[in-house]
Amino acid sequence: MKPVRVIEGRAVPLERSDVDTDQIIPSDWLKRVERTGFGRGLFSEWRDDPSFVLNDQRYVGANILVAGPRFGTGSSREHAVWALMDYGFAAVVAPSFGDIFRNNSSKQGLVIVQLAQEDVDELTRLVKEDSTRLVIVDVDQMQVEVPQVDWHRSFALDPMIRERLLYGWDDIGLTMRREASITSFEERSTAPTLEGVFDGAGHVIAR
Amino acid sequence: MAGQTLFEKIWNQHVVASPEGEPTLLYIDLHLVHEVTSPQAFDGLRLNGRGVRRPDLTLATADHNVPTDPISTPVKDPVSRRQLEALEENCREFNITVFPRGHENQGIVHIIGPELGVTQPGMTIVCGDSHTSTHGAFGALAFGIGTSEVEHVLATQTLPQQKAQTMSVTVRGKAPSGVSAKDIVLAIVGRLGTGGGAGHVLEYRGEAITDLSMEGRMTVCNMSIEAGARAGLVAVDDKTIDYLRGRPGVPEGEAFERLAEHWRSYVSDKDAVYDREIVIEASELVPYVTWGTNPAQVVALDGVVPSPNEFDDPDERNASERSLDYMGLAPGEPIRSIPVDVVFIGSCTNARIEDLRAAAVVARGQRVAPGVRALVVPGSHRVKRQAEEEGLDEIFLAAGFEWREPGCSMCLGMNPDQLGQGQRSASTSNRNFEGRQGRGGRTHLVSPVVAAATAILGHFASPEDVNG
Ligand code: SF4
């Protein structure tokens, strides 16, 4: 997981409530062997509709999703998080979230910004008014801002989740803290390697 | 101070860090990779901009998904094909040695590690596959992991692990003739139950174990997971060293002998203490067949289908009723009277050269019973080539067996080799779960010689039944 300190970009207003994970990524997509590429399946039931907001040219490239209450409820599929991130979203702003979705997001580094309903409504209005407005989500300061109009709101983050986001800690990240120990173990190790056993095409190198 | 068990020796030599309040970080000497559990892990690396820390300790092969048709036939199922291609592409991108379908070194991941000599005593070995326990036959600590852990090992060459408990499983005395390694492990799993080994690393000991060839020890360690154990182990001895001498992954001459001396330390100390110990009398063992839908539901080939009333535990009674229903069997039916539709000789449990030789001895000069489909699927291309050099393929083909290309095949039916609804198999594999070999299929686990005899007589049988 990559560290996330500050997300700067543009926001797209979804203006829907109760978007469950089945709507975020339909079940046909779960058969896939990949973990990337789910972006194509994001909201796929709605994407055929030309008036769906993600099809609106003004919001192409937005990396912050602004949604209604109870975003990400339903099935526990982590694919929903993979899909949002693969599509290019780095944060979701909403009045409330499904618990498992929130937890899955923290494992993958998708920032969950929970604001009061009226603040979400205001942010929605601001980015509808001008889709080019810069929106900033500051994980370190736990603030969301629209500097052009001097609008900012604080949001809460679990301290452990904040740490993980700031330092990019996932299980692999946590192990990486032991990098020096791993390297020194490797320097001491006399265990054999595959070096010199196979050539580039996997054939055994004759001795 | 008490001595150390084999498990503790290997564990202690691989501790990278043991931070207070956190699991131990263990170094991994060899990471085996296959097409099914790795694609999301590689994608995870890409997504996070990570590399593979030690491609030189990582080896990949295609096995689970590959069709066993002649190599010249393309892979028909597009999803399988894509997964096989993904393995090759991922390995190329990350510089990992890979054996794709048709490659001279390709085969079931747990067969190729040992036969290439890359599985060695004292190592820690992981693979995204539960039967990684197979490699424990070499005195290596080998266990299966999930896809996120695959990613973790690719990125860091380590794994955070809680230390397992140890269990000594002694098979005392000599096994009677006609009792194979498969029968020994079926007896052990039957005795321990599917959860009896949970949280433990089993160390198999006793004369009946040391008498086994390396192939036989692999068969035993392979099914450790069927008793719920984390891993299985057998101490190093001359057989271990003789098996490895001359294999591609080991050095030659003096260097090998020096290494072999070091390997001899991978035995439990005489005064080592295990958390649990069980003893099984080898003299009481016979050839076995599973009758139900978990590998602990074992009965003697000479026996009858058990009645649910025989089980005191109500859960077990219920489970056995469900199993009998699924298997289409009635209590009291003699095992020998049960007809089969399919015989599968293959899998990482029993598709090594010795298994094929044993089955060929039974099949020589015989004919597969009318209406029975019998498949022999060698565990690897090396096994297949060796068998062909010895003429085993001709024995099987003459007897009416199919001689196929290597892979996991009907062990899990991910490729087109599957049981049909209600079809019954005698299978040398390791799992008889509902639908494991195909939707509605009924699997009975047996040894290679019982499988071959069953193919010929059309019902469960021993080699003596064929010749007598
Ligand atoms: S042969 Fe069967 S048990 Fe062995 S690795 Fe393949 S699928 Fe798993």
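Modeller: Let us begin with contacts along chain A of this predicted model: among its contacts with a separation of 6 or more, 65% are made by residues 24 or more positions apart.

Colleague: What percentage do residues 24 or more positions apart account for in chain B?

Modeller: For chain B, again taking contacts with a separation of 6 or more, residues 24 or more positions apart account for 76%.

Colleague: Which helices and strands does chain A have, in number, and how should I read its radius of gyration?

Modeller: Chain A has 8 helices and 8 strands. The general idea is to set the radius of gyration against what the globule rule gives for the number of residues, and for the 207 residues of chain A the rule gives 17 Å whereas the radius is 21 Å, well over that value, so the chain is more spread out than a compact globule. The box filled by its C-alpha atoms, taken along the principal axes, is roughly 70 × 40 × 30 Å.

Colleague: How many helices and strands are there in chain B, and what does the globule rule give for it?

Modeller: Chain B contains 16 helices and 19 strands. Its radius of gyration is 21 Å, close to the 23 Å that the globule rule gives for 468 residues, so chain B is as compact as a globular protein of that length. Along the principal axes, its C-alpha trace spans about 55 × 55 × 45 Å.

Colleague: Which residues is Gln120(B) in contact with, and which backbone oxygen lies 3.1 Å from a polar atom of its side chain?

Modeller: Leaving aside neighbours within four places in sequence, the contacts of Gln120(B) include Pro192(A) from chain A, together with Phe138(B), Leu244(B) and Trp263(B) from chain B. Gly249(B) is also one of the residues in contact, and the backbone oxygen of Gly249(B) is the one that lies 3.1 Å from a polar atom of the Gln120(B) side chain.

Terms used. Residues are numbered from 1 along each chain as its sequence is written. Chains are lettered from A and ligands numbered from 1 in the order in which they are written. This is a predicted model: local features need pLDDT of at least 70, side-chain atom pairs count only at pLDDT 80 or more; totals for chains, interfaces and linings use all residues. Side-chain values use heavy atoms; hydrogens and water are left out. Helices (H or I, at least four residues) and strands (E, at least two) are DSSP runs, numbered from the N terminus. The radius of gyration is taken over C-alpha atoms; the globule rule is 2.2 Å times the number of residues to the power 0.38. Contact means heavy atoms within 4.5 Å. A polar contact is a pair of N or O atoms within 3.5 Å; within protein, one must be able to donate a hydrogen and the other to accept it, and residues adjacent in sequence count only if both atoms are side-chain atoms.
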